[in-house]
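I am opening my notebook on this structure.

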Amino acid sequence: MSKRAFITGITGQDGAYLARFLLDKGYEVFGLLARRSSSTSWRLEYLNVLSHIKLIDGDLTDLAAIIRALRIAKPTEIYNLGAQSFVGSSWDQPILTGQATGIGVTNVLEAIRLTDSSARFYQASTSEMFGLIQETTQSEKTPFYPRSPYGVAKLYGHWMTVNYRESFNMHASSGILFNHESPLRGIEFVTRKVTDGVARIKLGRQKSLMLGNIDAQRDWGFAGDYVEAMWLMLQQDQPDDYVIATGVTTTVRDMCRIAFERVGLDYENYVKIDPRYYRPAEVEVLLGNPAKAKSRLAWSAKTSLKELIEMMVDADLARVSAQ
Ligand code: NAP
Ligand code: G4F
């Protein structure tokens, strides 16, 4: 039987990389398209995926639409990547975030239970669930303490995934992924905001870059590496939860240094602090322990932060030059 995958959030960063990865493995790929008024397919075009997949209209908040989509796609593997994923916005839209990022998970789990409960399920959990960290290095056993409406919604989705695994014997796994970036990252996230800003400053289109808390630390990896870990989780005999991270943490400040150095500039001359970008409650530091993923999935991050940021700066230089 041919392998069939269904991806929610297929128009997002990870959705595009995962679709490319699964097509290369010979999967038939279906995606849930939350139709907006403007085109959301630029990432799928960038990775030459769009013409090779089938998109089915539907929203994560609409259980009937998800059931309908699963009846059409008949997937053996389901990857729930759809979410309102921007932490900053989640204080402005806490209810929408709860509905899409939290209840949306239950909608997908219920739709699977009502259509074909033998399908394998991946939930996009997050290091944001650790929030106010309870251990210096966070593993699958570290207690959670979310610090944003987004983190709270994700924690609900995480526990519902565990609950459906334990209640209904479903093959449901959660990837607790630490920050991962790429040239396809949304412009609102700090790495891409910085690499786009560097390109604009270098090309004379912008004079400075306004940021918030540049002392925050993140464990940043490359999205192209991380989608393989999602797939590996669904190839295991038993479902489980896995931390996916590099095991290295870096300040936003040092990430800026790397980005500006790529074009021969000193970040201190361009980065300015704007308190409007501070968050009501901050996650100051995240650092993952990916030992379980290494031993059980034989997975480890391949791309260093320097390689990642240089890749992103180069892509933004090409994009801004072409504008
Ligand atoms: P992203 O680029 O923001 O993509 C989110 C996707 O979800 C988009 O395709 C978006 O569609 C879709 N979506 C939003 N609301 C929806 C709704 N109500 N119904 C259906 N689809 C909806 O996020 P990403 O970086 O690829 O991340 C993928 C997943 O991993 C997300 O769940 C995120 O929370 C989680 N995660 C990400 C990271 C990270 O560092 N990237 C780390 C841990 C976990 P539109 O394009 O139409 O808006
Ligand atoms: O790039 P960020 O917006 O990512 P954040 O909040 O860590 O969330 C991302 O990673 C999570 C995994 O831990 C995902 F679940 C989530 O969906 C998303 O992909 O911010 C990173 C850090 C924060 O501490 C923020 O306060 O950068 C700091 N920062 C400083 N100045 C800024 C800015 N963040 C943004 N977006 N914009 C700024 O100007």
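**Entry 1: a network of charges.** I started with salt bridges, working on a predicted model. Arg262, Lys306, Glu310 and Asp314 are joined in a network of salt bridges. Side chains of opposite charge can pair when their charged atoms come close.

Asp314 and Arg262 form a salt bridge through their side chains, at 2.7 Å from N to O. The pair links distant parts of the chain. Asp314 is in helix α10 (residues 305-322), Arg262 is in helix α8 (residues 252-262), and they are 52 residues apart.

**Entry 2: other salt bridges.** How many salt bridges are there? I noted a count of 21. One of them joins Asp240 and Arg296, with the closest N and O atoms 3.3 Å apart. Asp240 lies in the loop between α7 (223-234) and β11 (241-244), while Arg296 lies in helix α9 (residues 291-297), so this pair ties together parts that are 56 residues apart in sequence.

I also checked Asp274 and Arg276. Their side chains meet in a salt bridge of 2.7 Å, N to O. Arg276 has 69%, so it counts as exposed, the cut-off being over 50%.

**Entry 3: around ligand 1.** Next I turned to the ligand. Which residues come nearest to ligand 1? Of the 25 residues around it, these are Thr11, Asp14, Ser85, Tyr150 and Lys154.

I sorted the shell by residue type. It divides into nine nonpolar, 11 polar and five charged residues. Then I sorted by element. α1 (13-24), β5 (120-126) and α5 (149-168) each supply at least two residues of the shell. The largest share, three residues, comes from β5.

**Entry 4: polar atoms and cover.** I looked up distances from oxygen atoms of ligand 1. An N or O atom in the side chain of Ser85 is 2.6 Å from a ligand oxygen. For Leu81, a polar backbone atom is 2.9 Å from an oxygen of ligand 1. For Arg185, an N or O atom of the side chain is 3.2 Å from a ligand oxygen.

Last, I looked up the cover. On its own, ligand 1 has 900 Å² of accessible area, and the protein covers 88% of that.

Note on methods
Residues are numbered from 1 along each chain as its sequence is written. Chains are lettered from A and ligands numbered from 1 in the order in which they are written. This is a predicted model: local features need pLDDT of at least 70, side-chain atom pairs count only at pLDDT 80 or more; totals for chains, interfaces and linings use all residues. Side-chain values use heavy atoms; hydrogens and water are left out. A residue is near a molecule or strand if one of its heavy atoms lies within 4 Å of it. A polar contact is a pair of N or O atoms within 3.5 Å; within protein, one must be able to donate a hydrogen and the other to accept it, and residues adjacent in sequence count only if both atoms are side-chain atoms. Accessible areas come from the Shrake-Rupley method with a 1.4 Å probe; for residues, only the protein chains shown count as cover. Helices (H or I, at least four residues) and strands (E, at least two) are DSSP runs, numbered from the N terminus. Ala, Val, Leu, Ile, Met, Phe, Trp, Tyr, Cys and Pro count as nonpolar, Asp, Glu, Lys and Arg as charged, and the others, Gly among them, as polar. A salt bridge is a side-chain nitrogen of Lys or Arg within 4 Å of a carboxyl oxygen of Asp or Glu. Buried means under 20% relative accessible area, exposed over 50%, partly exposed in between (1.4 Å probe, protein chains only).
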